[in-house]
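Trainee: I am new to this one and would like to learn how to read its helices. Could you walk me through them?

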Amino acid sequence: MGGSSPCASCKLLRRRCAKDCIFAPYFPSDDPHKFAMVHKVFGASNVSKMLQELPVHRRGDAVSSLVYEANARVRDPVYGCVGAISYLQNQVSQLQMQLAVAQAEILCIQMQQEPVLPTPEMDDSDHKSFLLHNHLPQYLNFASSSNVIHDSLKRESPLWT
């Protein structure tokens, strides 16, 4: 910042902010908490080394990542952001399971409502096989709306009116 108002890092470290301060563009004086968290987790010296090794155009993203990881480490010292990622992955798994259950329920309802008549040559075991091989696959590609399902049933089944 060059003497007029030191950046957040220079304020926290109680040093004079030089014109070429590596922290100044990323840790402004009006947001001291941001640098305090990063300094607490990573240390000013390590952050300075990391930033110096990066090209200038990538430093902003690096600082954003460091701030995110530092905040996650303060909230969860053991797992940090990995804990948040794990939590979100578990949520996705649960939602996928709920979706599969809902799709199975839709399939059951649709199969109960669809009139399927076997041909006269089929016995009972042939009829079940016929249903599984000829009608089940159309339900496994679940559409996003009931109108699309209804339309596909109309096209594929001559008995649908």
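Predicted model: local features only at pLDDT ≥ 70, side-chain atom pairs only at ≥ 80, totals over all residues.

Mentor: Happy to! Helices here are DSSP runs of H or I with at least four residues, numbered from the N terminus. Helix 4 has 20 residues and spans 30 Å from first to last C-alpha, close to the expected 28 Å at 1.5 Å a residue. That expected span is 1.5 Å times one less than the number of residues.

Trainee: Which residues of helix 4 are buried?

Mentor: Buried means under 20% relative accessible area, with a 1.4 Å probe and protein chains only. In helix 4, the buried residues are Arg-59, Ala-62, Val-63, Leu-66, Val-67, Glu-69, Ala-70 and Ala-72. An α-helix has 3.6 residues a turn, so residues three or four places apart point the same way.

Trainee: What do the buried residues of helix 4 pack against?

Mentor: Contact means heavy atoms within 4.5 Å. The buried residues of helix 4 pack against helix 2, helix 3 (44-53) and helix 5 (81-113).

Trainee: At what angle do helix 3 and helix 4 pack?

Mentor: Axes are lines fitted to C-alpha atoms over the stretch in contact, and angles run from 0 to 180 degrees between N-to-C directions. Helix 3 and helix 4 pack at about 150 degrees, with axes 9 Å apart. Helix 3 is therefore roughly antiparallel to helix 4; that term covers angles over 145 degrees, while 65 to 115 counts as roughly perpendicular. Val-47, Met-50, Leu-51 and Gln-52 of helix 3 meet Arg-59, Ala-62, Val-63 and Leu-66 of helix 4.

Trainee: And where does helix 2 come in?

Mentor: The axes of helix 2 (residues 32-42) and helix 4 (residues 56-75) come within 8 Å, crossing at roughly 70 degrees, so the two helices are roughly perpendicular. Among the contact residues are Met-37 and Val-41 of helix 2, and Val-67 and Ala-70 of helix 4.

Trainee: How do helix 2 and helix 3 cross?

Mentor: Their axes come within 7 Å and cross at roughly 100 degrees, which makes helix 2 roughly perpendicular to helix 3. Phe-35, Val-38, His-39 and Phe-42 in helix 2 meet Ala-44, Asn-46, Val-47 and Met-50 in helix 3.

Terms used. Residues numbered from 1 in each chain as written. Heavy atoms only, no water. Parallel < 35°, antiparallel > 145°, perpendicular 65-115°, else oblique. Buried < 20%, exposed > 50% of the residue type's maximum accessible area, 1.4 Å probe, protein only.
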